[in-house]
Amino acid sequence: MLDEDLARIRAHRNNIHRYRRLLRTRLSELERQFIERRLAEEQTALDALSVETFPVAFTLPTGQDPATMGAKP
């Protein structure tokens, strides 16, 4: 299952890179709007799949400086 999810993540990332590359070319306004919409859809799908595949998230307590984490006083 993880291999399939990683392959899907890779496909979304490849599509995102392709759409960004296309946006750097000369396009009609209609083409640009379509590609921007597809780019947003791919990014949303990638974000959702990433959260589903890697659900662990670490948050720092408020006011904590990451540079001093684990430092001895």
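Here is a quick tour of this protein chain, from its overall build to its core, surface and salt bridges. What you're looking at is a predicted model, where local features need pLDDT of at least 70, side-chain atom pairs count only at pLDDT 80 or more, and totals for chains, interfaces and linings use all residues. Residues are numbered from 1 along each chain as its sequence is written, and side-chain values use heavy atoms, with hydrogens and water left out.

**Overall build**

- The protein chain has two helices and zero strands; these are DSSP runs numbered from the N terminus, with helices being H or I of at least four residues and strands being E of at least two.
- Of the 73 residues in the protein chain, 18% are buried. Buried means under 20% relative accessible area, exposed means over 50%, and partly exposed is in between (1.4 Å probe, protein chains only).
- For contacts with a separation of 6 or more, 54% come from residues 24 or more positions apart; a contact means heavy atoms within 4.5 Å.

**The core**

- Eight residues form the largest nonpolar core: Ile-9, Ile-16, Tyr-19, Leu-23, Ile-35, Leu-39, Leu-46 and Leu-49. Helices α1 (2–23) and α2 (29–53) each supply at least two residues of this core.
- A nonpolar core here is a set of buried Ala, Val, Leu, Ile, Met, Phe, Trp, Tyr and Cys residues joined through side-chain atoms within 4.5 Å.
- Leaving aside residues up to four places away in sequence, Ile-35 touches Tyr-19, Leu-22, Leu-23 and Leu-27.

**The surface**

- The protein chain exposes about 6,200 Å², with carbon and sulfur atoms supplying 56% of it. Accessible areas come from the Shrake-Rupley method with a 1.4 Å probe; for residues, only the protein chains shown count as cover.
- Leu-2, Leu-6 and Phe-54 make a nonpolar surface patch of about 270 Å². Patches take residues with over 30% relative accessible area and no salt bridge, joining nonpolar side chains (Val, Leu, Ile, Met, Phe, Trp, Tyr) within 5 Å and like charges within 9 Å.
- Leu-2 lies in helix α1 and counts as partly exposed because its relative accessibility is 47%.

**Salt bridges**

- The structure holds three salt bridges, each being a side-chain nitrogen of Lys or Arg within 4 Å of a carboxyl oxygen of Asp or Glu.
- In helix α1, Asp-5 and Arg-8 sit three residues apart and meet at 3.6 Å, N to O. Asp-5 is buried at 7% relative accessibility, while Arg-8 is partly exposed at 45%.
- Arg-38 pairs with Glu-41 at 2.4 Å and with Glu-42 at 3.0 Å. These shared partners join Arg-38, Glu-41 and Glu-42 into one network.
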